[in-house]
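Let's take a walk through this one together. Have the sequence and the 3D view open side by side, and we'll go piece by piece.

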Number of protein chains: 2
Amino acid sequence: MKAHRWVVAARPTGFDVAASLALEEVDVAGPGPGEFLVRTTYLRAAAPMFKVLVSGSADGRPPTPIGDPVVGAGIATVVESDHPDFPVGTDVTGSFPWQDVVRSNGRSLVPVQPILLPHGVPLTAPLHVLGGPGLSAWFGLTEFADAKLGDTIVVSTAAGAVGAIVCQLAKLQGCRVVGITSSRDKADWLVGELGIDGAVAYRTEDVAARLRELCPDGIDVYFDNVGGDTLDIVLQQLAVGARVVLCGASSQYDRGAADWQGPTHYFELVYKQATMRGFYIFNFVSRFPEGRLRLTELISAGKLRSPEDVVDGFENAPAAFERVLAGRNLGVQLIRIGQQ
Amino acid sequence: MKAHRWVVAARPTGFDVAASLALEEVDVAGPGPGEFLVRTTYLRAAAPMFKVLVSGSADGRPPTPIGDPVVGAGIATVVESDHPDFPVGTDVTGSFPWQDVVRSNGRSLVPVQPILLPHGVPLTAPLHVLGGPGLSAWFGLTEFADAKLGDTIVVSTAAGAVGAIVCQLAKLQGCRVVGITSSRDKADWLVGELGIDGAVAYRTEDVAARLRELCPDGIDVYFDNVGGDTLDIVLQQLAVGARVVLCGASSQYDRGAADWQGPTHYFELVYKQATMRGFYIFNFVSRFPEGRLRLTELISAGKLRSPEDVVDGFENAPAAFERVLAGRNLGVQLIRIGQQ
């Protein structure tokens with residue numbers, strides 16, 4: 001069977017990643033014993049995947065070799081099978097190449113349905129609220145932010161896959177929530193639809209001045225997904241005893257490790273007796289079921305939404321990737337691949 | 001009475017602070033009712049005092065105005081008095097100008113003796129082990145480092161006023177202690193005299209390579225007094241779950257706040273799920289008696305030493321200041337002012 005895949009044609013040097021990717025046609029043989037073929041239905045584009053292309057993964061693996069496919073989370077349907085646990089028609093999820101038809105032995109893939117028992121949870125939930133983004137929001141906030149009733153929490157990339165969930169969870173636990181997002185449209189959506197208390201549009205507004213207006217008593221918690229100038233601005237407005245939770249640094253993922261922009265104002269941590277903590281979500285694998293259960297309860301109760309930003313067509317995957325790197329997505333960035 | 005004082009003649013632009021100070025002669029009137037005159041016997045030179053001259057204090061006060069005297073901790077003897085609580089002969093300590101004779105109403109000064117009851121504690125202890133350096137070491141380590149038995153802790157400016165005490169306290173609580181100091185002589189002194197497990201001489205050794213040798217399983221706790229490149233080197237060698245305690249940043253005190261060198265490798269906090277915490281010692285004022293009690297017990301038991309590096313002569317105060325800014329001191333940097 002002919003399949004198509006997006007490979008790394010050149011090492012990306014900036015956020016215009018599409019120029020570094022190439023579409024290849026490959027032959028995929030039918031499944032041998034213990035194998036099956038899947039047809040990909042959804043892929044996720046996320047900023048940390050770009051870091052993997054530029055400088056390697058958070059756990060120290062080198063960058064994706066030139067010529068290898070982009071790898072990310074996806075959902076697929078089994079279309080041919082010689083594996084008893086993955087009959088034809090099974091929806092599976094896990095990490096696999098950006099390829100429309102894939103042969104697998106089932107390693108690193110799991111059926112979708114068992115984690116979607118309650119009503120109201122969409123098939124795509126493993127790519128966002130029940131996957132890495134939702135679990136990063138859950139464990140990042142509950143284990144590292146020490147957010148108290150009435151605290152003011154600022155969330156960057158607030159309308160992104162992680163940020164939108166952090167915003168809602170923080171509201172549910174009684175915090176004042178202020179988001180930072182790219183545009184006024186998304187800022188209005190965050191306040192009007194997700195119900196947060198204020199939002200700053202960084203493309204058109206003075207972030208420092210607007211944060212001072214929205215957080216007059218200082219920032220108790222900062223959930224950081226971007227790094228760069230935004231991190232420095234927030235550091236200068238921390239309340240005494242503040243906690244900065246480092247989740248992502250999407251503004252820096254196009255740089256080699258030695259060229260990152262460190263926070264010039266890191267010594268505000270001394271002046272404000274504050275804490276900056278990083279977390280690595282895969283340290284929590286054994287607790288993922290617990291996190292998924294809590295998140296599922298909130299979704300089923302109608303208290304938590306996980307917005308999806310869907311681009312159609314496998315051929316548009318690089319454009320979707322650039323969309324998320326430019327911060328134009330609202331919610332998780334998905335690529336939907338129609339049946340051919 | 002004629003007195004002499006060191007004033008800020010120009011805003012310092014580098015660590016050669018002596019060029020920015022000038023010696024003035026001033027008249028000091030005799031004490032009025034409720035006042036007394038002291039003759040200064042010891043002054044302390046410390047790196048954070050330099051930050052106050054360049055960019056202001058940690059609690060947000062502006063830099064010392066041009067023409068005003070340098071201010072720091074000192075010890076003095078009452079030589080004339082019209083104040084019932086400060087009779088002639090009393091040794092007092094507190095924060096006062098770099099001036100050899102000072103008139104005071106007693107505000108911000110306390111008699112030395114009440115905090116020196118046990119044997120074995122020197123008159124100068126309020127300037128180091130029972131003052132800011134000792135209390136920073138005590139509360140920084142006990143409240144913010146979460147140092148466990150067997151942890152490897154790295155201490156920068158390990159032979160300085162704070163560092164030398166942190167090194168000893170960490171040894172007493174069962175840690176492996178590795179110091180970073182300027183010279184091989186001081187490194188040998190740290191290992192041979194203070195009994196720590198290893199020391200790196202940054203002027204002549206490759207700090208990153210030596211730390212990898214001395215901390216093969218990574219660094220569990222970093223007690224940072226310098227910032228700059230050293231902080232970045234240590235961040236790249238953290239163990240999983242490490243704690244970085246920010247106490248000082250002596251390499252950066254010659255810079256305006258917007259020009260500090262932030263840690264390029266701050267995202268190691270994510271990769272290693274590590275924590276960076278600052279603390280501000282004056283938040284612990286109500287607990288200073290508790291800290292002094294514990295430190296005094298250790299001194300009296302012969303378990304804790306607080307080395308003094310003494311320069312003689314009020315006229316040599318700027319040279320002593322430069323000595324500490326260049327990291328040439330071993331222990332607290334004192335200026336001893338002889339009776340005239």
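Which residues of H1(A) are buried? Keep in mind that this is a predicted model. The buried ones are A:Ala47, A:Met49, A:Phe50, A:Lys51, A:Val52, A:Leu53 and A:Val54. That makes seven of the eight residues in helix H1 (residues 47-54) of chain A, so the helix is largely enclosed by the rest of the structure. And what do they pack against? In chain A, the partners of these buried residues are strand E1 (2-8), strand E3 (36-45), strand E4 (71-81) and helix H9 (317-325). Follow the chain just past H1(A) and you come to A:Gly56, which has a positive phi of about 100°.

Now zoom out to both chains.

Next, the place where the chains meet. Here 24 residues of chain B are in contact with 24 residues of chain A. On the chain B side, the elements giving two or more residues are helix H7 (268-271) and strand E13 (275-278), and E13(B) gives the most, with four residues. By type, that side of chain B divides into 16 nonpolar residues, seven polar and one charged. Of the interface residues of chain B, 100% are also interface residues in chain A, so the copies meet through the same surface.

Finally, look at E13 in each chain. Strand E13 (residues 275-278) of chain A pairs with E13(B) in the antiparallel sense, over three bridges. Within that pairing, A:Met276 stands opposite B:Met276.

Terms used. Residues are numbered from 1 along each chain as its sequence is written. Chains are lettered from A and ligands numbered from 1 in the order in which they are written. This is a predicted model: local features need pLDDT of at least 70, side-chain atom pairs count only at pLDDT 80 or more; totals for chains, interfaces and linings use all residues. Two residues are in contact if their C-beta atoms, placed from the backbone, lie within 7 Å. A residue is buried if 20 or more other C-beta atoms lie within 10 Å of its own, exposed if 12 or fewer, and partly exposed in between; C-beta atoms are placed from the backbone. Ala, Val, Leu, Ile, Met, Phe, Trp, Tyr, Cys and Pro count as nonpolar, Asp, Glu, Lys and Arg as charged, and the others, Gly among them, as polar. Two strands pair if DSSP finds at least two bridges between them.
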